[in-house]
Amino acid sequence: MTNLGWSLVEALALQLAPAEREAALGDLIETHPTAWQGICEIAGLVVRRQLQLWGSWRPWLAAPGLAFPCSLVLLGFSFAISTELRDRFFLLGTVHHSPASSAEPVLFLCQIVVLLVCSFTAGFLIESLSRKTLIASAVCCFLPCLSCLMRFHHESLPRLCLLLFLVPGIAGVRFSRCGGAIRRPTAIALALAGTTSMAVLAAHAYFWALNWELIGPAWYLAVRPARSGHTSSLENGGAIQ
Amino acid sequence: MTLGEFEYLLITAAATLGDNAYGAAMREAIMQATDRSCSIGALYTTLDRLEAKGLVRTWMADGTPERGGRSRRMVRVTPAGKAAARDFYHAIIRISNQAPWATPHPGDAG
């Protein structure tokens with residue numbers, strides 16, 4: 001097998017658990033396959049392992065169930081907050097007056113609370129529900145982003161403002177990946193803050209049924225059965241029991 | 001405990017190889033016996049299933065120079081695995097007893 005072929009095989013094998021990677025690569029070395037055979041062998045094992053993961057409900061809830069719709073809705077919140085920020089802090093004293101600039105400070109605050117709470121808890125929950133399929137969840141999150149970024153044309157707002165929600169979202173993912181835990185009182189406080197803010201927004205015509213999905217992760221964390229500790233999560237590949 | 005055909009092949013290969021039962025050796029044994037390919041993916045996912053059923057036990061062992069020092073996944077058949085394989089074997093023998101290909105006919109010679 002050529003160096004390039006072996007490099008490809010090793011790169012593919014990175015998708016496997018360390019012990020299984022060692023065993024599979026060692027078996028390949030013993031049988032002296034061609035590069036193509038080696039790639040097919042490892043790819044076959046990787047595909048089987050991925051398919052096994054998707055036999056559970058967790059990746060389905062994490063990727064198409066949470067990452068996709070939350071991303072879709074949070075894009076809108078990111079845009080609304082960016083517009084507010086522009087109007088409040090960058091266009092003061094100018095003749096520009098958009099409808100959003102007349103919104104009450106309370107609504108602006110509620111939007112920020114929803115963005116922070118819901119992005120963080122969604123990121124945390126997506127990672128802890130199905131750590132091994134995080135790439136698929138990321139793809140589901142970026143699909144709406146990509147679509148919106150390509151269509152977004154606004155004179156005074158950069159495209160990246162749509163991705164504002166990714167900052168707390170990635171923070172939630174990292175917090176979970178580093179073994180962080182959200183205790184029940186904190187989760188309940190976050191869920192209440194998110195729900196109250198959402199209710200205020202809904203009462204002021206910011207109502208969209210899908211918005212309410214955003215507070216789902218916070219409430220899931222608040223009402224899920226208590227765990228004995230983070231160990232149980234690690235033993236299950238990071239999956240919340 | 002019922003077994004599938006490939007599960008039976010794996011258990012039999014592991015039992016035959018004894019202390020030398022690990023991934024590559026078992027693949028080789030299965031391919032020689034069946035004249036069919038045996039992918040690493042099928043081998044390791046089936047081993048996981050057998051281990052979950054309590055029919056085999058696996059552990060990681062040190063590698064050898066011919067495999068670049070990479071560790072091996074060793075396999076040992078448990079008593080439950082041996083019993084399941086024995087049941088499967090006897091079922092095959094019983095059902096095959098009267099099958100045309102199992103009973104040599106005078107005209108089949110050559």
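Me: What helices and strands does chain B have, and what makes a stretch count as one?
Reply: Chain B has 4 helices and 2 strands. Helices are DSSP runs of H or I with at least four residues, strands are E runs of at least two, and both are numbered from the N terminus. Going along the sequence, the pattern is α-α-α-β-β-α. By the way, this is a predicted model, where local features need pLDDT of at least 70 and side-chain atom pairs count only at pLDDT 80 or more, while totals for chains, interfaces and linings use all residues. Residues are numbered from 1 along each chain as its sequence is written, with chains lettered from A and ligands numbered from 1 in the order in which they are written.

Me: How much of chain B is called buried, and what makes a residue buried?
Reply: Buried means that 20 or more other C-beta atoms lie within 10 Å of the residue's own; 12 or fewer makes it exposed, anything in between partly exposed, and the C-beta atoms are placed from the backbone. By that count, buried residues make up 32% of the 110 residues in chain B. Its C-alpha trace spans about 55 × 35 × 20 Å along the principal axes.

Me: Why are α2(A) and α2(B) called oblique?
Reply: Their angle is about 50°, with the axes 8 Å apart. Axes are lines fitted to C-alpha atoms, for helices over the stretch in contact, and angles run from 0 to 180 degrees between N-to-C directions. Under 35 degrees would be roughly parallel, over 145 roughly antiparallel, 65 to 115 roughly perpendicular, and the rest is oblique. The two helices are therefore oblique to each other.

Me: Which residues make that contact, and what makes two residues a contact?
Reply: Two residues are in contact if their C-beta atoms, placed from the backbone, lie within 7 Å. On α2(A) the contact is made by A:A23, A:D27, A:E30 and A:T31, and on α2(B) by B:G23, B:A24 and B:R27. They divide into 2 nonpolar, 2 polar and 3 charged.

Me: What about the whole interface?
Reply: 17 residues of chain B are in contact with 16 residues of chain A. On chain B's side, α3(B) gives the largest share, 4 residues.

Me: What is the span of α2(A), and what makes that the expected one?
Reply: The expected span is 1.5 Å times one less than the number of residues. α2(A) has 14 residues and reaches 20 Å from its first C-alpha to its last, close to the 20 Å expected. Likewise, α2(B) has 12 residues and reaches 16 Å, close to the 16 Å expected.

Me: Why is α2(A) called mostly covered?
Reply: Count its buried residues: 10 of 14. What covers them includes α1 and α3 of chain A together with α2, α3 and β2 of chain B.

Me: What makes a set of residues a nonpolar core, and which residues have the most contacts inside the largest one?
Reply: A nonpolar core is a set of buried Ala, Val, Leu, Ile, Met, Phe, Trp, Tyr and Cys residues joined through C-beta atoms within 7 Å. The largest has 40 residues, with A:V114, A:L115 and A:C118 having the most contacts inside it. α5(A) gives the largest share, 12 residues. Apart from it lies another core of 34 residues, among them A:A23, B:C38, B:L50 and B:L55.

Definitions and conventions:
Nonpolar A, V, L, I, M, F, W, Y, C, P; charged D, E, K, R; others polar.
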